[in-house]
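Please walk me through this structure in a viewer, one selection at a time. I would like to know what to select next and what is there.

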Amino acid sequence: MRRKKLKAELIITAGNKTQFPLEQVPEIAFLGKSNVGKSSLLNTLVERKSLARTSSQPGKTQTINFFNVADKVNFVDLPGYGYAKVSKTQKEAWGKLIEGYLRDRNSLQQVILLIDIRHEPSQNDKTMYEWIYHYNYNLIVVATKMDKIKRSQLAKHLSIIRTNLGLKQSDKLIPFSSTTKQGKDEIWMEINKLLAEEDV
């Protein structure tokens, strides 16, 4: 389905809501703990190696990054959460920035919550899931790094995520690997359904 590079560009890096771009196109937010693979997912979706910068230093992203894709949708990369070495003050600031975006952004149509498939969802993951439902957004849960586990263990790990997060029957849970690109087409199918487009 998504076999070629898309027109995609970083349009703004925002440290507060006054810097958010005009709400001209639908937005899809990507949310997850530090080092869960958000940048790798974003790059894989648009067939770019470095549209979103990956980092070996968890907690480095401290801003909300807006990427315009094909002039039809903005992918919004929210700061990673849950990194222990970040100060309490910084955690609180990030929390307010994320919550303010989720609460006030009228163009936000969907949230993609990333969970590392190798680990049980953390309390922070559960809190984020509850936030998303509190604000009544469409939700996709993407279980990242599926290439790091044995195929025979896939169903077990997905069941753990579904149970521990308390996913509703209607919630979409998609296993994904940026290495093999498995799950990429399924994620795009869900995005295009939301946008009511045949294809982006």
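**Start at an exposed lysine**

Select Lys 193, which counts as exposed at 56% relative accessibility. Here buried means under 20% relative accessible area, exposed means over 50%, and partly exposed lies in between, with a 1.4 Å probe and protein chains only. This is a predicted model, in which local features need pLDDT of at least 70 and side-chain atom pairs count only at pLDDT 80 or more, while totals for chains, interfaces and linings use all residues. Residues are numbered from 1 along each chain as its sequence is written, and side-chain values use heavy atoms, with hydrogens and water left out.

Helices (H or I, at least four residues) and strands (E, at least two) are DSSP runs, numbered from the N terminus. Glu 190 counts as buried, at 14% relative accessibility.

The whole structure holds 11 salt bridges. Side chains of opposite charge can pair when their charged atoms come close.

Select Glu 27 and Arg 105, whose closest N and O atoms are 2.8 Å apart in a salt bridge. This pair links distant parts of the chain: Glu 27 is in strand S2 (residues 27-32) and Arg 105 is in the loop between helix H2 (88-104) and strand S5 (108-116), 78 residues apart. Are these two residues buried or exposed? Glu 27 is buried at 0% relative accessible area, and Arg 105 is buried at 7%.

Next take Asp 71 and Lys 7, which meet in a salt bridge of 3.0 Å, N to O. Here too distant parts of the chain are linked: Asp 71 sits in the loop between strand S3 (64-69) and strand S4 (73-77), and Lys 7 in the segment before strand S1 (8-14), 64 residues apart. Asp 71 is partly exposed at 47%, and Lys 7 is partly exposed at 49%.

**The sheet**

Switch to a cartoon view. The chain has five helices and seven strands, in the order β-β-α-β-β-α-β-α-β-α-β-α from the N terminus. The seven strands form an open sheet in the order S1-S3-S4-S2-S5-S6-S7, with mixed pairing. S1 and strand S7 (172-175) stand at the edges with a single partner strand each, so one side of each has no neighbour in the sheet. Strands of a sheet pair through backbone hydrogen bonds, either parallel or antiparallel.

Select S4. Five of its five residues are buried, so S4 is largely enclosed by the rest of the structure. Val 73, Phe 75 and Asp 77 are buried on one side, and Asn 74 and Val 76 on the other.

Bring in the strands that pair with S4 (pairing requires that DSSP finds at least two bridges between two strands). S3 and S4 run antiparallel and are joined by five bridges, and Asn 68 has Asn 74 as its bridge partner in S4. Their hairpin has three residues between the strands, and Ala 70 there takes a positive phi near 55°. S2 and S4 pair in the parallel sense over four bridges, with Ala 29 opposite Val 76.

Move on to S5 and S6, which are parallel over seven bridges. Leu 114 stands opposite Val 142 in S6.

**The nonpolar cores**

Finish with Leu 31, Tyr 101, Leu 102 and Leu 113, which touch the most other members of the largest nonpolar core, a set of 35 residues. Such a core consists of buried Ala, Val, Leu, Ile, Met, Phe, Trp, Tyr and Cys residues joined through side-chain atoms within 4.5 Å. Apart from this core lies another of 25 residues, among them Leu 41, Val 69, Ile 140 and Ile 187.

Centre on Leu 102. Not counting residues up to four places away in sequence, Leu 102 touches Leu 108, Val 111, Trp 131, Tyr 135 and Tyr 137 (contact means heavy atoms within 4.5 Å).

Note on methods
Salt bridge = Lys/Arg side-chain N within 4 Å of Asp/Glu carboxyl O.
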